[in-house]
Structures are given as structure tokens and as C-alpha cells.
Amino acid sequence: MELTILRGAQALGSLSMRPLHSPALPRRALWLAAAALLLATTGCRRHQSRTTAHEPVQGGTLIYATDREPICLDPHVQGDMPQVFLAEQYLDSLVAMDRSGHILPWLATDWAVSDDGRTYTFHLRHDVTFTDGTPLTAEAVRANLDHMVDPHTQSSTAGGYIKQYAGTDIIDTYTAAVHLKTPYAAFLEVLAQGFLGIESPRALARPRDENCQNPVGSGPFRIVRWDHQSQIVLARNPAYHWGPPTALHTGPARLDGIEWRIIPEASVRFAALQAGEVDVIDSLPPEAETPAQRNPDLWLLMADRPGNPTNGTLNIKRAPFDDIRVREAFIRSADIDGALASVFFHHYRRAGSPLSPTTPFYSPAFEHHADYDPDRARALLDQAGWTGRTEEGIRTRDGRPLVVHIPLKASLSAAERTLWEQVQATARATGFDVRLENGDDTTILEREGQWDYDVRIGYWNTSTADVLRIVFSSAFLGAAGVGGHHQNEAGFSDPAFDRVVNDALLTTDPDKRRALYLQAQTIAAQNFLQITTYPQSTRLALSRAVHDVRLEPSLNVTSLYDSWVTR
Amino acid sequence: MTHLLRRAAWRLLGGILVLLAAASLTFAALHLTPGDPVTAILGGASANPTPEAIAAARHEYGLDRPIAVQYALYIARIARGDLGQSFSQHMPVIAVLRAQAPPTLALMASSLAVAWLLALLSVVPTARRGAAGAIASTLETVGAGLPQFWLGILLLWGLAFEWRLLPPAGNHGLPALVLPTLSLAIPLAGFIAQVMRESFDLALDQPFILTARARGLGDGTVRLRHALRHALLPCVSLSTWAVGALVGNAVAIEIIFSRQGLGRELFLSVATHDMPLVSGIVLFIALTYILAGLAADTLYVLIDPRLKGTRP
């Protein structure tokens, strides 16, 4: 309390440029002024970083505010973005990835891949212990990989990424041979993601729902407490000296701890940062980006995430998008650049390619393959036979109007919704009747399972170009009997494409993979399967009191391992 | 004594029927709306669940059984006092309630208390006092007409964003409780004050007021000791309704102020069709409502001793 008041007094000092600690000032007046300030400006207490510190400071607690609460703290279970943000703070991975997509050692010091590409032998560090005291051994690697693929784990992400996993042999205490059913060149790339972080085998042996509440890792912080819907409290792991090679320092984390707060409302989250209630926020709303840039107390940290960018995937299994000309016409009738400029205040760039620019083996060749071109769109519709017009100007063929159904989930952000309203407006000018159909998430998911949509809005964050296989290859069209759930939302099925993306898994030679993924991107772009809009991105706004926040390269999620605060 | 026991038995039976109805309606509502909890849980935006994972989850939660069996098991489970395991939170429902109920109950209690305080301050000094009464009465009508969520956004914008007097979000400390409380209390105060003013006016016309004045009591004493007691009864019944309404309105307020609580939890659990959690929260709200009714009955007797034994 006393400390806070003192900071209030300092704040007054810096505001009025007059030393408050002059002995002439009566003590009681000082207390009163401080108390008044405390009431009026609880805010000013945290942004006091003008004290220019260049040397990292030990200690202190950082308050991080995020939009969504993880449903389970163990990222193996389900596996949504909020989980991997938190996993980055308390879990380590077998390997790390750098900015250029190279795989580096981390918990595994080195590894060997068998000639048939189906066995990966990992040699582990000998000096790593989880925060419950369990040592890292080959047994732990086996327990983790087994856990990810166990159907009972309910893993949507980690388990899906290593479907090829067959089992692990323990060679010795610190050597594990991981066997795959088929060669999988993207294996190390996905292992670098926090979704596949390595947890304490002893903690994993507990029931799933118990492990969800307080999973145990070997990372720079450990989870202390989870006040549901409010915050997750983390404390430094003092034994930590096995940080990733991409980190800025070695040894234990500089912060004593982290308070990971959940503030779902974007404007409230930004207001909390401005008021100094929190030190860092993520998912900075687009309307706050300019004010944040102009605020001298704040700085911004942003990066695009690799994977398949935010998009509307066209369902080619039914009319009208079973016709490639109508698909191209629709994509070219949508003025995405204009919409992005107005919705996101010029802060977001267009993503024109099936891969986001930060993805390994991304090619810039397709950024403009389907730019806004209403004249070409109209010509294509004429060719495809959509030559009639209703009174409202909607194109018709054989008397049927050109209708595009786009289901919108209730959880879709307001900005994304507005973006699609703009697409609706520009596509209408070309003669498309775009219907934006709102529904709650489960209703829309059910429609998606039944292929009942023309455009499906989504994205896919992952550290490998193998994402193309997931979203466009025929192996992901969905199995019967499980609610029709499928990942290939376009319904695209092309043997040539399947061959290319499957071949890309057979070789670890980067040049061969690059050539194959170029082919895959070419086929995906030429078939006009998605309106890609903007890359998914991590957008942080930070107090000037916060230093050395890093984005972990494989998914560009926040890492607070190097961070320190000056107060 | 037997009379009292019979009354208590009827009360208990009524309460059980209300809970059963609430549980059944929740079950029906969640099964009639389209959607599947398993795809909601496993099929998030960046999800890649294997068919085996989906089948395993469906089996784990008993969703692969016929609907009548699911209903029977559900009612039997609740009858045993077992609220089950939340699909979406990976926690026992009872643990979710234990964590989320206190902040909502605190918000409800503070809102009800502040609403009563505002209503008393608005009515007691101004009733039958010409212009002051007219102004207060107008303010009460305006207050009662304000939608809580709109008031919440307005208070948030003015007091938290612009003037930064109070924290915009969270559950940390009393200051964070102020804005959500005011958003819920001001409209409720309007309602309570309108009812209170009407019965206060009526009470002031009663012969016993004249008697009291004839005994030489001052105006303040007459108002506080005699008229007010009569004006309170209808406000107490209104407050039982308000307890129910507060939980409903807490959904919007907890979302606007990013507050921890049952309202936000209810919103999230409906979105994921998390049946055990939705029914757990609904049952908790129904129970709160029943208990509020009982508390009101007790208060009636305390305020008006004449009711002892005569009320059905």
C-alpha cells in the first residue's frame, strides 16, 4: 500500500515537474495528495519506466491480459491458441525453430532420422527436471507422445499433427527412438510448437481433467493457481537453465512471476493497459492500434503467424462454386484491400497466398493471383452462363439467382464480421447475392459438418507448409459417422495435389521440399479454393516498463522468459 | 405446529418440483437446439481432431446413447445430488459453481443493497413534498427505464475509459465492484422506488398517521417509524423478483466488465452446449430464487407482525 502511494506521489512529481519531497510541504498534505491521486489515477502507477534502465532487472511480477481463457491448461488436450500462449511459459519442447524455419536443439541435443524416414532417434539433455522433481528421460518422451495420440486425451491439435505416430522405443535413459507409420518430414516442425510441449510424465499419469487444472512442465515458469475466468498465476522456476537457443539470455527467468489475466472485451483490455492495471495485452483491437502507437507510454510488438491465413474457403462440392469460373469471379469481385483498409484502419496487410508469409517454404508468387477485378469477374460470370439479372441486379442462370450462403459463428470477432459485410457489398455489385447467416457456434459447426455452406470462414496456425495437405488434400475430407467433421473445407479432391503434398513428407531435403510445396501452392492457387484475407497475427501492446518480450518463432506466440520490468 | 409442518412440507415439495422442471426444461432446450457439444469442444478454429478422438469423447460423455436414456440418467444423477462433470471446463460442475458463484452473489447482494439505499433516499425525504417529490419521481421513472447493459457501457466509457476513476475490468478489490453494481442497481432502484413511493403515499393518508401526528410526533419520525413500515412490504415482494432478474442481467454486466461469475459462465456453457454445466447453473439460480422467496416470507412477518399465522 505504502509503495503504491509513493508511486502516486512520484507520478504527481513527474506530472507537475515540481519536487514533491520538499521538506516544506506538510506531511499530512502529502498523504492527502497521495491518497487523492491514488483514487484519481490508480493508472499512473505502472508506466513509470522513464527511468532509463539498460541492464535487465531481476524480480517483479508482470501482468499479462489476454482475450480468451484456455479451456484446459494442458495443450495436448483440444489445443486452441490460448493454450499454446500459456504453454510457452511453462513447457519446453524437444526442438526449437528459428525465424528462418531451421530446427534447433532444445530438450533434445541432437537426433538422427533413419533412411526410410520412419524412425527419429532423439538424444536428450541429461540435466532437465520438471517442476515436480521428475527428471526428463526417454520414458517422458514416450509418455508425452502416447498421451497426445490417445483418443481419450481429446486432442484436436497435437494428436492430429502426429497421426503418423506408431510408438516409442527406449534405447537408454536419455535416448528415445520414435517410430512413425509413414515418413513425415514435417515432424520436427510440429514438434517445435508449444502444442506438442513436453510435460512431466508423473503429472500426465493423473486423470485428464485433473491434469488440465495444473499441468507440470520443465519451463521457465510453473503454474501456481488458476482462478477460473479471472487469472492464472505463474511463478519462476529457479532451477531453469535449459532455455531455448532462440532466447536472449540463459538461466532462470528474470520475472518472479506472471499474472495471466482474462479480459475478453477488447476495448476494456486496452483501457486496462492505458490505466496501468496491466502491463501487456494481446489481441490489440484494430481501432486501438493508432492510439497505442501515439501513446508514449506504450510500445507494440507484432508478427504474422505461419500457416493458412484467415480465409473464406469455397465449398466446391455444390453449386455455384462447383464451377471454377464462378469461384474466380467471386474472389475477384471481393475488394479485400478496400475492406481491410476500412475495417482495420490500414493496419492489416492482405494475404493473397494459400500460405502466410512466415510459413517455411512460402512462395510470394501467389500474393496477387486473385486480386480484385470486377470486370474480369463479370466476364467470367457471363462465360459460366450466369447472364440473367433479377430486378435487384443479382445474376441468374436458368431463372435461379446467384446466391452465396456464408454462415457466421457467434464467436466471430466484430472486425471479421464487418470485413465480410464489405465482401458482401462489393460482390453484390458484380451480381452475387451474398447471405451472411448468423448462428451460435454449435449450430454452425453442425452445418459445416454437413457441407451446408458456400463459404466457410477460418484459419490454420501451424509451423509447417504441410498445412496445405490438411486443408486441401483428399485424406482430410472427413470420415463417415463422426458428424461429418472434416478439415478440407473446400471439398477439394485432386490426385495430382495429393501426390505432391504426400511426396513432400517423404524427403527431408529442403530444396526438394521447397519445389514440391511450390507446386502445391500453385495447384491450390490455380483452383481458386479460398478468398484469403489477412494473416493471423500476434498483436501485443506493452507498457514501456516492460522489456524483452519475445515472440517464439514457430507460432509467434508470446514468451515472457527473457522479460523484465522497471518500476 | 402440524399446521406449520404442513406448510413447510408444501414449500419443500414445491421447491423440488421447480428444480425438476428447471432441469427438464434445460435438457429439452439444449437438445432441441441444433449442434453437438463434441464438435463444439473438439472442433475449434484451429482444430484437427481425429475421428477416434471424436468417437471417444462422445462415448465418454454418454452422447452415443438414446436420448430417453440420457434424460433418465441425467435426472437420476441430479436426484443423487451429483451435478456431473463439465465437458467444456474439464472440471466437476460443483467446483465451477464454487469458484464462480461467490463473485456473482457478491454482485447481486451489493446491487440489491445499493438499489434499496437509493430507493429509500429518493422516496422517504421527498414523498408529498411538492417539486422535490415530482423531480425524484421523474428520476425514478427514468432510472427504471434504463437498460442495464446500456448503462453499464455508459458508465464504463465515462468513469473508466475517459476519467479513469475506477478500474474497467476484473474482480480485484472493491473498486472493481462499483461500476457493475451501479449498472444493475440504478434501474432496480427506479423500480423499487416507484412501488415504494406509491405505497408510501397511501400510508401517509391512513388514519394512524393522523393519530401519530396528533400525538405530536415530528414529520421525520412519522415517515420513518410509521409510514415506511407499510411502504416496505410490496418492495420486499418486488425484491424476490429482482433476485431472479439480477442473475439474468448479470450475464450482460459480467461480460461487459470482464467479471468472473456465473452469468458469463452460463453464456459460455450455452455456446458449447455443455449440458451438465448449463443445468448446474440453472439449478443453482432456481435454488437461489426459491431461497429468496423463503427469505421474503420471513421478512414479511418481521416487518408486519400481524401476518403471523394468517399467511397461507
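**View 1. The contact between chain A and chain B.** In this predicted model, the contact between the two chains draws on 53 residues of chain A and 47 residues of chain B. On the chain B side, at least two residues each come from α2 (37-42), α3 (51-60), α5 (93-123), α7 (148-162) and α11 (262-271).

**View 2. The side of chain B that touches chain A.** Of the elements of chain B, α3(B) supplies the largest share of this side, with seven residues. Sorted by class, the residues of chain B that face chain A comprise 24 nonpolar and 18 polar ones, together with five that are charged.

**View 3. The two domains of chain B.** The domain assignment divides chain B into domain 1, covering 12-82, and domain 2, covering 94-307. Taken over C-alpha atoms, the centres of domain 1 and domain 2 of chain B are separated by 34 Å. Where these domains of chain B meet, domain 1 contributes twelve residues to the contact and domain 2 contributes eleven residues.

**View 4. The side of domain 1 of chain B that touches domain 2 of chain B.** The elements giving two or more residues to this side of domain 1 are α1 (2-32) and α2 of chain B, and α1(B) gives the most, with eight residues. By class, this side of domain 1 of chain B holds nine nonpolar and three polar residues, while charged residues are absent from it.

How values were computed: Residues numbered from 1 in each chain as written. Chains lettered and ligands numbered in written order. Predicted model: local features only at pLDDT ≥ 70, side-chain atom pairs only at ≥ 80, totals over all residues. Contact = placed C-beta atoms within 7 Å. Helix = DSSP H or I, 4+ residues; strand = E, 2+ residues; numbered from the N terminus. Nonpolar A, V, L, I, M, F, W, Y, C, P; charged D, E, K, R; others polar. Domains from an automatic or database assignment.
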